[in-house]
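Good morning, colleagues. Please look at the sequence and the structure on the screen, and I shall take you through several points in turn.

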Amino acid sequence: MNTILNGITASHISTPRLRAHVLERPASNPRATVVLIHGNVSSALFYQPLMLALEPDVRAIAIDLRGFGGSEILPIDATRGVRDFSDDVASVLDELQTGPVHLVGWSMGGGVVMQFLLDHPEMVASLTLQAPVSPYGFGSTSGSDGVLINGGAGSGGGGANADFVASLQAGDDTADSPTSARAVFRGTYVAPGYESEHEDLWVASMLTTATGDGNYPGTGVPCDAWPGFAPGDSGVLNTMAPTHFNVSGIVDLPTKPHILWIHGDADAIVSDASFFDLNHLGALGAIPGWPGADVAPAQPMISQTRAVLDRYAINGGSYAEVVLEGCGHSPHLEQPERFLQELAAQF
């Protein structure tokens, strides 16, 4: 199938770090440049309808992260958190000579753009966080201040569903298995009832994910704490493990661009009761042996993000939170008109 929609151009940009695949909706004499960063098990393909819907004087750029889409497959050093990804983005923007940009990050991409803000604040005109990973990472933290628990046990690459990884490796684009990309998209990326003429494109995007210890999902190591594994040092899921990832330092930046935080109230992936948080699944009885909420509480992801952004505002920044009713993990797909309205207000 042709995965590039009419009006979008695709190219490869060679930088000192990688050969990156980039989608662009160009604009003559643009008044603003928007850079869109996708999430885990996806690619820039997901952003094409949004890019086409932007005002014609807005330049839109969507970058495939390493190991996703058409970008070069390179190993990911998770001990740097998501810095391999954010440094790659910076290298692409340097090659394109964009100047300051309006950054949009979805899910894991929200963590990438927060890291980018920490490391390259002069390059950020505004930040839009769409259903972002908590500033304290994914899994194994407690409280609104993101306290690490059990050495990160239950987070990182060891928590991936092996059948889902095998489905990605096999390129299964059917809905025959509950762990196929299509079934996972329908069941977790969006709220029940969502339908799209572009679903085949979304599935094709998911299936571009490179698998292995250096990519998705990454490695895990055994540990004594329940459920018996801790984050490894390489691969995608370990970049967001709380032992490696913490971007709460954005609250101390001397210059703070405005942040838009937009998320759905029916998000199965990022919430205070995430179905991808092993501690929450243990509490539900889906994983045996859970030691109880006093030892392994569910991560309050939304509360953590709100607490960090509140501190960001107290320290001189500003943010707006938009909660979309009945929306899952993909606001730009599920409620595109509202998402576009909120994003356009950033510039």
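C223 has a relative accessible area of 25% in this predicted model. Because that value falls between the 20% limit for buried and the 50% limit for exposed, C223 is classed as partly exposed. What of C327? With a relative accessibility of 0%, C327 counts as buried. On the matter of cysteine pairing, a disulfide is a covalent bond between the sulfur atoms of two cysteines. A search of the whole structure returns zero disulfides.

Let me turn to a serine. S167 belongs to helix α4, which covers residues 162-170. Is S167 buried or exposed? Its relative accessible area is 7%, so S167 is buried. Leaving aside residues up to four places away in sequence, S167 touches D172, T179, S180, A181 and L207.

My last topic is a pair of helices. The axes of helix α2, residues 83-96, and helix α3, residues 108-119, come within 9 Å of each other and cross at roughly 65°. The two helices, α2 and α3, are therefore roughly perpendicular to each other. Their crossing, that of α2 and α3, is right-handed. Which residues meet where α2 contacts α3? From α2 come R83, F85, S86, D87, V89, A90 and L93, and from α3 come M108, V112, Q115, F116 and D119. Sorted by class, this contact of α2 with α3 holds seven nonpolar, two polar and three charged residues.

Thank you for your attention.

Terms used
Residues numbered from 1 in each chain as written. Predicted model: local features only at pLDDT ≥ 70, side-chain atom pairs only at ≥ 80, totals over all residues. Heavy atoms only, no water. Axes fitted to C-alpha atoms, helices over the stretch in contact; angles between N-to-C directions. Helix = DSSP H or I, 4+ residues; strand = E, 2+ residues; numbered from the N terminus. Parallel < 35°, antiparallel > 145°, perpendicular 65-115°, else oblique. Left-handed = near helix turned anticlockwise from the far one by under 90°. Contact = heavy atoms within 4.5 Å. Nonpolar A, V, L, I, M, F, W, Y, C, P; charged D, E, K, R; others polar. Disulfide = S-S within 2.5 Å. Buried < 20%, exposed > 50% of the residue type's maximum accessible area, 1.4 Å probe, protein only.
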